[in-house]
Structure formats: structure tokens, C-alpha cells
Amino acid sequence: MEFEKKGILIVVSAPSGSGKGTVLSHLTEDREHFALSVSLTTRKPRTGEIDGIHYFFVSKEDFLKEIENGNMLEYAEYCGNYYGTPKDRVDELLSNGINVILEIETVGAMKIKKLCPDAIFIMILPPSFSALEKRLRSRGTNSEEDIQKRLETAVKELSCIEMYDYVVINRDGKSKEAADTITGIAMAEKCRVKRNPELISDFYDAKPDNEK
Ligand code: 5GP
């Protein structure tokens, strides 16, 4: 008897600067169970970001072409740039039993909520709003105007918390703990009775382990 074989679509949102990247990097170390969907974006790469790993960095023209060709699961505009999830890779990973993480903002998350009723929704937050501002400033890669924009956007994102199933706090220096909490959430979701409609028939049919 085995639990649901298909992977779970896990939508993770977090205000920019909440440290979600570090939290999610712990999760994706476990490649057998988790994969992070790599989005397309029209924003310019930040220092250290690699094309194809952190994002696929594309022109606005190419981004719009992908939408037109029906290749995007969802997309949204955020702080003046486009971001979107390519569809094919997500479908392939889910069918292979891998839990796929979409690290997306709230507008895209709402679209997924309508499209994929089985997805789970997690919001990662820093311990407080002032901690968020401090983290954004300590990055040193964003202009003052960009920081203000991201703080305003964070307020809007927080107002969407009701549509999320879980909230995970990313405390200073405790990103691994936050990642472990998300692993726990995914494990619990796999055990949901409604995700395992064949469970009882499999239970009756299954042979004892020593007879397989
Ligand atoms: P950043 O510029 O800080 O990398 O990302 C800005 C925002 O865009 C973040 O909230 C991030 O979660 C979101 N984002 C990244 N990829 C996608 C995507 O494919 N779709 C949507 N809707 N949002 C995304």
C-alpha cells in the first residue's frame, strides 16, 4: 500500500526580502522529493543570479510570445516586470511523483488556486514587518525606490493571507527550521484521505511484504 504517487503542487509566496530563497534551497537539496519550478522573468538578473537556475531571463517580447503560445501555467506583473511559470516542466515533475514548488507572488497564486484545486498554499513571513525592511536594506542590491515599492507590495501581499492554507515564519538564522516545517506540511498532505481515493482497495489487495 502506497500513498499518493503523484507529486503535490506547493505554492509558496512570501514578501520580497523574507528569505524564502534560502528556505527553499534547503528543500530542493532533497531532489528525490522536491523541485523548484524555474520561472521566466523580464527583470534583469541580480548579482550572482544564473540564467536557467534562478530564472530564465527573457525579453518582454519573448515573454509575451510564451503567453500567446499557451506555454504558461500562470503569470503576473510585479514591480514593473513580468514573471511566469512554464507549464510543461511542472506537469512532468508532478507525474513523476516530485512535489513541485512554485515560488510566486499572490496574484499568480490566486490564478493557481482556481486552476489547481489540489495545490497547497504556504506563505513564508519574516518575524515582523521591521525585520522585513531590515532584510531588504541589508541586501544592498535594491534602490531606495525599489525598497519602498517592495514594502508597499508586501502590505498588499499580507492582505491576501486568508487564501493561504499555512503560514511559516522564517526566523533569523533558522531557515532550515522553516524548510523542515514545509517538509512536514507536504508529508501530512500526502496522508490526506481525500488524496488517496484508492487507499482502501489497495489495502485489501496488497500482499504481505514477504510475499511480494
Ligand atoms: P524577485 O524579483 O524578488 O526575484 O521576485 C519578485 C516576486 O515575483 C516574488 O514575490 C516572487 O515570488 C514572484 N515570482 C517569481 N516567479 C514568479 C512566477 O513565475 N509567477 C508569479 N506570479 N510570480 C513569480
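These legends walk through several close-up views of one predicted model. Residues are numbered from 1 along each chain as its sequence is written, and side-chain values use heavy atoms, with hydrogens and water left out. Because this is a predicted model, local features need pLDDT of at least 70 and side-chain atom pairs count only at pLDDT 80 or more, while totals for chains, interfaces and linings use all residues.

**View 1. An open sheet of five strands.** The strands follow the order E2-E7-E1-E8-E9, with parallel pairing. Here, strands (E, at least two residues) and helices (H or I, at least four residues) are DSSP runs numbered from the N terminus, and two strands pair if DSSP finds at least two bridges between them. At the edges sit strand E2 (34-36) and strand E9 (166-169), each pairing on one side only. Neighbouring strands of this sheet are turned by 25° against each other on average, direction ignored; axes are lines fitted to C-alpha atoms, for helices over the stretch in contact, and angles run from 0 to 180 degrees between N-to-C directions.

View 2. Three bridges join E2 to strand E7 (residues 99-103), and the two run parallel. Look for phenylalanine 34, which stands opposite asparagine 99 in E7. Helix H1 (residues 20-27) packs on the sheet, where it touches strand E1 (9-13), E2, E7 and strand E8 (120-125); contact means heavy atoms within 4.5 Å. The direction of H1 makes about 170° with that of E7. Helix H3 (residues 87-95) also packs on the sheet, touching E1, E2 and E7, and its direction makes about 150° with that of E7.

**View 3. Strand E8 and its two partners.** Four bridges join E1 to E8, running parallel, and four bridges join E8 to E9, again parallel. Methionine 123 is a handy landmark: serine 13 stands opposite methionine 123, and methionine 123 in turn stands opposite valine 167 in E9. E8 is mostly covered, with six of its six residues buried (under 20% relative accessible area; exposed is over 50%, partly exposed in between; 1.4 Å probe, protein chains only). On one side of E8 you will find Ile120, Ile122 and Ile124, and on the other Phe121, Met123 and Leu125, all buried.

**View 4. Cysteine 79 in its loop.** Cysteine 79 lies in the loop between strand E5 (72-78) and strand E6 (81-86). Its phi is near 50°, a positive value in a residue other than glycine. Cysteine 79 counts as buried because its relative accessibility is 19%.
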